[in-house]
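Let's take a friendly walk through this model together. Have the viewer ready and follow along from one stop to the next.

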Amino acid sequence: MDEQENKKAILTGGTAGIGKETVLELARKGYQVITLGRDREKIEALLEQAENEGLKDKISVHQMDLADTENLPDFVDRLWSEDGPFQVLINNAGIGFSSVLDSTARDIEYLLKTNVNSYMLFAAKIGGKMVDENIQGDIINIGSMSALTRDKGSSGYVATKCAIEGFSEALRKEVNPHNIRVILIQPGAVGTDMQEMPVHEQHELQQKLEMLTVGDIVSTIVFALDMPRRANITSLSIKPLRQFI
């Protein structure tokens with residue numbers, strides 16, 4: 001706990017789903033957590049829960065759309081200067097997407113900026129600072145088993161998660177010599193607000209062991225971070241027991 005008390009983490013997409021619960025859990029474990037979200041209502045809900053749990057001083061939230069490529073680079077630099085240095089980066093933000101067949105050029109551009117470009121930019125900025133300042137840090141990229149299953153009807157989403165899979169492997173080889181770990185976590189079906197089905201149906205699937213809970217993924221993230229520094233979990237796929245993929 002003493003080591004974690006001195007650590008700062010930055011997490012994208014931290015106001016809902018996996019991101020929100022990861023922010024709260026890291027704060028409970030003693031991390032100072034900076035997160036970003038684009039929805040003001042969700043930001044307020046996270047801050048309210050943090051205050052109710054006595055975690056208000058551990059969590060800071062900034063409103064930012066990660067597709068804003070014009071302002072994002074300078075914004076990340078300011079985060080490091082004002083809130084850093086960071087020992088942990090978790091690239092988590094993402095939007096769902098189905099087939100490219102029914103999409104527009106604008107839709108595809110927004111998808112790529114959010115699901116791919118933001119991962120690369122944050123890794124470049126935060127990872128580069130870790131290298132420059134000799135920080136033995138961790139970069140966790142949240143991918144998806146969609147990169148492995150490549151189901152029809154989800155070609156846009158699959159493309160982005162395949163990109164993150166390849167990016168994570170190449171980035172790991174670049175920063176491991178600087179004692180920085182890169183960890184790719186690829187969940188299967190998870191009950192979050194990205195699912196189109198109602199919450200009660202998600203709960204039913206979880207009871208049937210056909211869908212994961214957000215807590216399952218949060219536990220996986222914490223497990224990877226808690227490994228001794230000599231160990232780098234390069235990639236970890238986690239699926240519901242009865243999701244036959």
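Is the crossing of H4 and H5 left-handed or right-handed? Keep in mind that the model is predicted. The crossing of these two helices is right-handed. Helix H4 covers residues 72–83 and helix H5 covers residues 105–132; they pack at an angle of about 35°, and their axes lie 10 Å apart. To see the contact itself, pick out Leu-72, Pro-73, Val-76, Asp-77 and Trp-80 on the H4 side. Their counterparts in H5 are Leu-121, Phe-122, Lys-125, Ile-126, Lys-129 and Met-130. By class, the contact of H4 with H5 has eight nonpolar residues, three charged ones and no polar ones. As you look along the helices, recall that an α-helix has 3.6 residues a turn, so residues three or four places apart point the same way.

H5 also takes part in our next stop, helix H7, whose buried residues pack against H5, strand E5 (138–142), helix H6 (146–149) and strand E6 (181–187). H7 runs over residues 155–175, and its 21 residues reach 30 Å from the first C-alpha to the last, close to the 30 Å expected at 1.5 Å a residue. Its buried residues include Tyr-157, Val-158, Ile-164, Phe-167 and Leu-171, and also Lys-161 and Arg-172, which are charged.

Finally, turn to the loop between strand E1 (8–12) and helix H2 (17–28), where you will find Thr-15. Thr-15 counts as buried because its relative accessibility is 10%, and buried means under 20%. Leaving aside residues up to four places away in sequence, Thr-15 touches Lys-20, Gly-37, Lys-42, Ile-43, Leu-46 and Val-61.

Note on methods. Residues numbered from 1 in each chain as written. Predicted model: local features only at pLDDT ≥ 70, side-chain atom pairs only at ≥ 80, totals over all residues. Heavy atoms only, no water. Axes fitted to C-alpha atoms, helices over the stretch in contact; angles between N-to-C directions. Helix = DSSP H or I, 4+ residues; strand = E, 2+ residues; numbered from the N terminus. Left-handed = near helix turned anticlockwise from the far one by under 90°. Contact = heavy atoms within 4.5 Å. Buried < 20%, exposed > 50% of the residue type's maximum accessible area, 1.4 Å probe, protein only. Expected span 1.5 Å × (residues − 1).
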